[in-house]
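Here is a short briefing to read with the model open beside you.

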Amino acid sequence: MGGGFYISKFVGVVGIVFGAGAVATVIALAVVYSQEVAKNEAVNPTNGGSTIKPPPQITTPVIPTTAPSNEPWDKYRLPDTLKPDHYNLTLWPRLTVNAQGLYIFTGKSYVVFQCVKETDLILIHSNKLNYTNTPAPTIKKSWLQPTTQFLVLELNGKLAVGESYQLDTVFVGELADDLGGFYRSVYTEEGEEKVVATTQMQPTDARKAFPCFDEPAMKAIFHITLLHPPTTVALSNGMEHAPVEVTEEGPEGTVRVWRTSFDETKKMSTYLLAFIVSDYDYINSTNDNVLIRIYARKKAIADGQGEYALNKTGPILKFFEKYYNATYPLPKSDQIALPDFNAGAMENWGLITYRETALLYDPKMSSNSNKERIATIIAHELAHMWFGNLVTLRWWNDLWLNEGFASYVEYLGANEAEPDWNIKDLIVLGDVHRVFAVDALASSHPLSSREEDIQKPEQISELFDAISYSKGASVLRMLSDFLSEEVFSTGLGTYLNTFAYDNTVYTDLWDHLQMAVNSTGTSLPTGQTVHSIMNRWVLQMGFPVVTINTTTGLINQQHFLLDPSTAGSVPPSDFNYEWIVPIRWMNTGVVQQQTWLEDKTANKPEMAVTGNDWILANLKVSGYYRVNYDNTNWERLLGVLSSHHESIPVINRAQLVDDAFNLARAKYINTTLALRTTKYLRSEREYMPWESALDNLDFFYLMFDRSEIYGDMQTYLKYQIEPLFKHFGNITGNWTEVPTGHMDQYNQVNAIRVACSTGMEECQTLTKGWYSQWMKDPANNPIHPNLRTTVYCSAIAAGGAAEWEFGWDQFKAATIAIEADKLRSALACTKQPWLLNKYLEYTLDANKIRKQDATSTIVYIASNVVGQSLAWDFMRDRWNYIFTQYGGGSFSFSNLINGVTKRFSTEFELKQLKQFQADNSEVGFGSGTLAVSQSIERTTANIKWVAENKDSVQTWFRTEVPKE
């Protein structure tokens, strides 16, 4: 295709009316070269600019935006004038550098689109593809609008409504290492460096790979072809055809390549596209005519690391077919493990991409929590194959439904794969309790945003947060619980079948669930519908605390805020921060009929009790709310915990602890009452209550591990953990075996972690012994995979440079990512500041710590009391660099800012935090913008909490510690 635009000769002028179904080729647009100047400058801030010379041609001007205008190209959303039908795309990634030292890809594509409203403008998304053209009669003007990421073509005539047109492009882009769009991932195998060309399009990076209408509602069919080096493997969403050897002309001359084309895709959104070229191997099986393949590095496949994923994918797919009442819509399900990948995984339709740690399992190296993560992430991504991919939300403001739904049903899918684990219970710790902490802040936000508030790519990225995932999961679980799973899945089935290959808004799901309610005769409170109940959970932020007075039977609800003094800064709500609350409850161990709280207060005489009877509400924490009681009922519940705790279901033992600690922080009850919920733990052997208590005591450690209270806390917790530590020593043949139960294996880790960190000598001798045994014989690691993270941390914390350097050497030599991850977190446990500073420097060297792992490594260091101030100084000092280099992450910046500041509890730290916000206002915080204001709010609350509670907490720990 020549350099420039042209109209193919049979067209005549733009705007001519053609016969029905005709496709008019309006423009052929030649894209000659992408310089990636900005990228090169960003990679090396000292190089004084790019060394790459652009080709000597007239370049499409880049129009800077001064002030926002009302022109279509200055808006972030596509106009509603054109609708794509299908694309034909050929891409050729180069897996070696070119003469300018760049990895590049070249491509050509055409898109056939229909004009739905008369226009003389074509806007198509394009990012980091610089266009070159010569004037053509049909195009009055063309330019790139970098702020809104559009290629703009102003035409001399109008496109006619109802007609189809074709836009051709030829382009070159950089195959950068920025983890977004079409990018490269590098690994070493048998001493040889290998490059994978791979993709991550969600949410707005398909436009970095080729010009496209890059919005979820712009669904189209894609015909994809990849050119790639002979013997490499090419994969995409559709099933591949056998590769054909061809010769191609490129800037480097004539090259022999393989051309692989793929079956056309289903009608789908651009963000779900994937194309990958690699030197990988795979294993496969067929399940009900669906081909299942697991792709990974050759060594990983040879070592059997894909077997677990292969064995579990079939049953999980089968489960979802039944759950959705809809067959899997594709002929294959490929899953591929990538060395460099920013998210945990991505649900590309038919070709799911994963971090290696989220897909590859090795029983000799992987812990049971690694195995659980793999099962749940596979289930999460497979759930999207229908919910999200087949039926897609119209715009990103409803992202919470897509991600919240998958975050809920991942537990159901994983439960099918591993029925002995009781994994469905773990959503309470993993999602409900986790997100309560964020959603109790005045700076939280509702699940659903207004469409007009979510426009820019960075606003979209900011939605990928704990509220969308975990609160979404929690309220959908509550909805499924009060409707019943059967009614819920009936409504899901009709929703998916009605809107297949189309787009929806979240209320479409409510409509179908309501239809299922009506057809099954399911009872909801009088006058209420799925819409009226759920609106309150979706359209206003936060959640209620339900307070039950068991003397009078009066119950009420109030918006739960961790810091009650922030109530004045909470935005107004149409629903006045009142919810329609389903309440499952028991009276003295006997389950009662579910009731509802529909107003601010209600009288429930059945909840009034006397004598030794007690009330417990929110059974299994199926509702998204906290529960408070009158003092008498709290005392009875504490009595039950200390005398026969099994009378209270295990999830609710975890809930009592978590609710009490949080109610104390919000000043509903005394802090000492919350601390008393941990006294019974000497006789508790179950994982969930222990985990809940340790999570909550973590806050006390964050607040007090730099103060004199620390010693008393340590002594108390050491006393509490001792029976648990001895219990696991006994049932594992003195630590030579592993308990059988999934949650018991987790609690064994808690026992060792807490016993060692509180200074129990027997524990420290054990962990130091294991680690030094390994140091003497590095080829034979005596530590069970379940225990490695905690044993490594304990031994490195107790040791010096030799232990740290050994850990670092083992990290570099690790052949499986999950082992490397265990070491990476443990290296942050050292108590030596100089080692931590060295480690911080390593985080920004991609040869030492992969880009995807940089932010989490800094957070690990900040979690160590010795590393806290070092990490904060480091992050402030390097913010500009971190932000420009690691800007692609969705979750990563909010995690980084929250992680580094979570210990803040002094006026001085608050002042520094506000200064950090002011100093970097121009650089920005990207997806971490909200996290900065949340950190300021959290620090302010912490300062007050410490001032109010320090003395009583110190006294309580002192009196509870048994005298020697």
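A residue counts as buried when its relative accessible area is under 20%. With that cut-off, F387 at 2% relative accessibility is a buried residue. Please keep in mind that this is a predicted model.

**Aromatic rings**

- Searching the whole structure turns up 71 aromatic pairs.
- One of them joins F387 and F405, whose rings are stacked, with 3.9 Å centre to centre and 15° between the planes.
- F387 sits in the loop between α4 (368-384) and β20 (391-393), while F405 belongs to helix α5 (residues 399-417), so this pair ties together parts that are 18 residues apart in sequence.
- F405 has 0% relative accessibility and therefore counts as buried, and F387, at 2%, is buried as well.
- W808 and Y839 give an edge-to-face pair, with 6.4 Å centre to centre and 75° between the planes.
- Here the partners come from two helices: W808 is in α20 (residues 801-813) and Y839 in α22 (residues 833-843), so parts that are 31 residues apart in sequence are tied together.
- W808 is buried at 4% relative accessibility, and Y839 is buried at 0%.
- F387 and F405 also belong to one aromatic cluster, whose members include F319, F320, Y323, Y324 and Y328. Among the other members are W386, Y408, F488, Y495 and F499.

**Helix α23 against helix α24**

- Helix α23 (residues 851-863) packs on helix α24 (residues 868-885) at an angle of about 160°, and their axes are 9 Å apart.
- Angles over 145 degrees count as roughly antiparallel, and α23 and α24 are therefore roughly antiparallel to each other.
- The crossing of α23 past α24 is left-handed.
- On the α23 side the contact involves K851, I858, I861 and A862, which meet Q868, A871, F874, I882 and Q885 of α24.
- Sorted by class, this contact of α23 with α24 holds six nonpolar, two polar and one charged residues.

**Helix α17 against helix α18**

- The axes of helix α17 (residues 742-757) and helix α18 (residues 761-776) come within 7 Å and cross at roughly 110°.
- That angle makes α17 roughly perpendicular to α18.
- I752, A755 and C756 of α17 make the contact with C763, Q764 and T767 of α18.
- The residues in this contact of α17 with α18 are four nonpolar, two polar and no charged.

**Two residues to look up**

- Leaving out residues up to four places away in sequence, I283 touches I292, R293, I294, I301, G306, E307 and L310.
- I283 and Q852 are 569 residues apart along the chain, and their C-alpha atoms are separated by 26 Å.
- From E722 to L836 it is 114 residues in sequence and 31 Å in space, C-alpha to C-alpha.

Terms used: Residues numbered from 1 in each chain as written. Predicted model: local features only at pLDDT ≥ 70, side-chain atom pairs only at ≥ 80, totals over all residues. Heavy atoms only, no water. Axes fitted to C-alpha atoms, helices over the stretch in contact; angles between N-to-C directions. Helix = DSSP H or I, 4+ residues; strand = E, 2+ residues; numbered from the N terminus. Parallel < 35°, antiparallel > 145°, perpendicular 65-115°, else oblique. Left-handed = near helix turned anticlockwise from the far one by under 90°. Contact = heavy atoms within 4.5 Å. Nonpolar A, V, L, I, M, F, W, Y, C, P; charged D, E, K, R; others polar. Phe/Tyr/Trp six-rings, centres within 6.5 Å; stacked < 30°, edge-to-face > 60°. Buried < 20%, exposed > 50% of the residue type's maximum accessible area, 1.4 Å probe, protein only.
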